[in-house]
Amino acid sequence: MTDILLTSFAAGGGCACKIPPGELESAVEGLIGKADPNVLVGLDDGDDAAAVKIQDGLAVISTADFFTPMLNDPYDWGRVAAANALSDVYAMGGTPVTAINLVGWPREVLPLDILREVLRGGMDVATQAGISVTGGHSITSPEPIYGMAATGIVAPEKLMRNDSAEAGLPITLTKPIGVGILNNKHKATGEVSQAAVDSMTALNRDASRAAVEAGISAATDVTGFGLLGHLYKMMRASGVAAELDFSAVPTVEGAKEALAEGFIPGGSRRNLDWVHPHITNEAGLSEEELVFLADAQTSGGLLLIGEVPGYPVIGRTVAHDGSEDSAFITIK
């Protein structure tokens, strides 16, 4: 297995292989189901997961996430994919209850022993989260794909969502950014960043619990659209704006060095192109620094509106005038 480079079988890796945000929004525009009045969170604002009330005091969270390999180690890829899928449940303030595997596999070129290692990694992270993997679905595909559909539960009054941010509050980020750049370097050179692996495989469970205990109502997780992209989506959905302190944004060890070496994913550049019209660069950051803030993360942290003890504050929300010409993000 050590001789097989999984990343060579995929055009993109991890959340960097997502459809660009602008293209995706155009494709799903107007496709919002309104049949069930018990839907608390649906497709309206592109939130992390769906939330449906099933009885008084209880809602079910439903989500799915999968991607091509960003790491050559199949076990670690499986762990990252599982942590990333469960993150959507945590981003809504929920508790996972079960997950099922989603697999696409080029079985004629990649041995099933490698798939077994991927699934073992996913199962171990699910076990860490206190749930069982209870099934799945697989197909033959030209690129290896793995992820999970996850189900969770939450009390409706504790639900966190991306359209409930209010002005005048701190902005908290619970994981450092830069794993997309380090994954790009890994694909190009084979060099493994243990700091990136540790960040991507860490569950957002504790951060989610701390946020709920702190009374946070507005949250999202930072994945394929980058910090700037997900912050913009939240500010736009909530009708407020953000002031971001570049110096306060935590970074993964080695990520800025890899940025200087030119290991920038195409997905990160596309993220910046999408959000660029909606930011004001008062800090005078270089284009590379802006790309860093837009770096496509895989299994990133939670972006929370409000202060959560133990996690860094990276900015604050402010009022927005609602005009199309006014920036939603000001970088200071």
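Let's start with helix 2, residues 74-91, and helix 3, residues 112-128: their axes come within 7 Å and cross at roughly 40°. Axes here are lines fitted to C-alpha atoms, for helices over the stretch in contact, with angles running from 0 to 180 degrees between N-to-C directions. Helices are DSSP runs of H or I with at least four residues, numbered from the N terminus.

One caution: this is a predicted model, where local features need pLDDT of at least 70 and side-chain atom pairs count only at pLDDT 80 or more, while totals for chains, interfaces and linings use all residues. Residues are numbered from 1 along each chain as its sequence is written, and side-chain values use heavy atoms, leaving out hydrogens and water.

Back to our pair. Helix 2 and helix 3 are therefore oblique to each other; angles under 35 degrees count as roughly parallel, over 145 as roughly antiparallel, 65 to 115 as roughly perpendicular, and the rest as oblique. Who makes the contact, meaning heavy atoms within 4.5 Å? On the helix 2 side, the residues include Trp77, Arg79 and Leu86, and on the helix 3 side they include Ile114, Glu117 and Val125.

Next, helix 4, residues 179-189, and helix 5, residues 194-201. Their axes come within 10 Å and cross at roughly 125°, and that makes helix 4 oblique to helix 5. Here Val179, Leu182 and Asn183 of helix 4 meet Ala196, Ser199 and Met200 of helix 5.

Which residues of helix 5 are buried? Those are Ala196, Val197, Ser199, Met200 and Thr201. Buried means under 20% relative accessible area, with exposed over 50% and partly exposed in between, using a 1.4 Å probe and protein chains only. And what do they pack against? The buried residues of helix 5 pack against helix 2 and helix 4, which brings us back to where we began.

Now hop over to helix 9, residues 266-275, where Gly267, Ser268, Asn271, Leu272, Trp274 and Val275 are buried. Looking down the axis of helix 9, its buried residues fall within an arc of 160°, so they line one face of the helix. That arc is taken from the directions from the helix axis to the C-beta atoms.

Leu115 counts as buried, because its relative accessibility is 13%. Leaving aside residues up to four places away in sequence, Leu115 touches Val103 and Trp105. Trp105 and Leu115 are 10 residues apart in sequence, and 7.9 Å apart in space, C-alpha to C-alpha.

Methods
Helices (H or I, at least four residues) and strands (E, at least two) are DSSP runs, numbered from the N terminus. Contact means heavy atoms within 4.5 Å.
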